[in-house]
Amino acid sequence: MSRRRRPLPLSPEAAHPLDDDNLLHEIMLRLPPQPPYLLRASTVSKRWRRLATDPKFLRRFRIHHRKPPLLGVFSCTRGDISFRSTLDPPYRIPPERFSLSLPIRSNQMCLDVRHGRVLIDDGMRSRVIVWDPITDESCVLAFLPQFSHTGIYCGAVLCAASDQGHVHGACHSSPFKVVAIISGEHDDDLSDEDDDYEPFVLAIVYSSETGMWSDVISTTILGRGIDFSLRSTLVGNTLNWLLNSPFMLEFDLEAQSLAVTRTPPGAPRGDNVQIIQAEDGGIGIANLSGPSLRMWDRKVDSDGLNTWVFRKSLELQNILGLESRIEKGESSILHYVEDVKAILLQVRSSVYMVQLESLQSKKLFKSSQKCIYRTFTSLYTEGNCLLILTLQES
């Protein structure tokens with residue numbers, strides 16, 4: 001009878017593969033970008049937390065996922081900017097974690113939130129404020145003297161990082177730009193005749209790299225101004241606003257040029273219209289009418305003219321899983337989330353986010369208040385990863 005051989009002892013590496021930091025980093029790299037996943041992994045042990053918050057790993061994590069997840073929304077009214085987390089409990093970020101340390105005055109208004117920064121108009125003091133909620137750092141920018149009495153009509157903030165492989169969503173140490181739009185009119189005769197009314201738009205650009213505002217860029221428009229309650233939409237290198245007319249304002253960030261283009265005949269108009277990104281990466285438009293969300297893409301026809309091509313229509317009752325039909329006046333477009341190509345909608349007293357590609361929806365919160373919502377997206381950095389980690393310790 002042959003003797004059974006005793007199996008050889010496994011090496012420590014084979015017995016405990018997760019003791020290999022490189023292997024554990026590769027596993028963590030493939031976790032979803034939403035905070036709970038990496039957060040849960042980081043609470044396993046001090047070693048796992050050290051690996052999860054390592055700056056080099058977090059840079060790889062951001063590059064791997066590229067699109068920052070939604071952390072919450074800022075609700076904005078004059079004199080009030082408050083944060084509401086959209087993460088599932090117990091990982092919701094308390095509002096006080098993203099509370100501006102500077103006092104908010106009754107005349108101040110949140111103009112834009114993009115690439116991890118918030119743009120606030122402080123027109124009474126002839127300035128704007130750029131605020132980073134993650135670091136709570138703020139930068140106060142005084143208007144050019146010639147605009148100190150007019151203020152700005154609307155504006156946008158965006159990351160200006162030019163390094164290869166940069167992923168927007170962790171731009172806290174990156175340079176930024178502010179685009180300010182000033183609206184006015186030429187009326188040399190100072191009369192009230194419509195023929196003398198010639199509205200114009202001015203744009204100036206601030207660069208944090210130079211610490212200066214650009215020269216003034218101008219164009220005339222045919223209409224009655226800009227509806228800044230519909231935030232600017234960044235498509236490629238162009239910032240876009242809808243005007244209160246059948247026109248669209250486009251600012252080319254590379255060429256530093258301002259243009260007003262007519263929306264093609266048949267393009268939707270009204271309050272429930274939002275500029276979005278088209279399927280081919282160009283400009284699109286979403287229009288909400290009762291229970292249906294309709295989308296068009298801007299194309300160039302054989303004659304070289306812009307035209308709107310119908311993309312699709314979404315029946316919101318089915319997508320949102322509602323039992324009753326959505327009647328006219330019960331729904332409104334709140335915001336377009338550029339990073340994830342989603343749209344924020346309010347239906348009755350609830351706010352939803354609908355992914356325009358996957359058509360997945362999520363109920364974010366209830367709200368009966370009418371205000372401007374700006375979504376806040378961010379990928380992990382050394383700072384905000386540790387910030388969220390401390391939620392369980394505070």
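Leucine 23 is partly exposed, at a relative accessible area of 36% (buried is under 20%, exposed over 50%, partly exposed in between, with a 1.4 Å probe and protein chains only). Leucine 23 sits in helix α2, residues 21-29. Keep in mind that this is a predicted model, where local features need pLDDT of at least 70, side-chain atom pairs count only at pLDDT 80 or more, and totals for chains, interfaces and linings use all residues. Numbering runs from 1 along each chain as its sequence is written, and side-chain values use heavy atoms, leaving out hydrogens and water.

Now look at Arg127. Arginine 127 belongs to strand β5, residues 127-132, and is buried, with a relative accessible area of 18%. Its C-alpha lies 6.8 Å from that of valine 140, 13 residues away in sequence.

The model has two cavities of 30 Å³ or more (on a 1 Å grid over the protein atoms alone, sets of points where a 1.4 Å probe fits but cannot get out; lining residues have an atom within 4 Å of a point). The largest cavity holds about 100 Å³. Its lining counts 13 residues, with Val113, Arg114, Asp339, Thr375 and Thr377 nearest the centre. Strands β3 (109-114), β20 (331-337) and β24 (372-377) each give that lining at least two residues. By class, the lining has four nonpolar, five polar and four charged residues.

How values were computed. Helix = DSSP H or I, 4+ residues; strand = E, 2+ residues; numbered from the N terminus. 1 Å grid on protein atoms, 1.4 Å probe; cavity = no way out; pocket = protein on both sides within 12 Å on 5 of 7 lines; lining within 4 Å. Points joined across faces, edges and corners; volume = space filled by probe spheres on them. Nonpolar A, V, L, I, M, F, W, Y, C, P; charged D, E, K, R; others polar.
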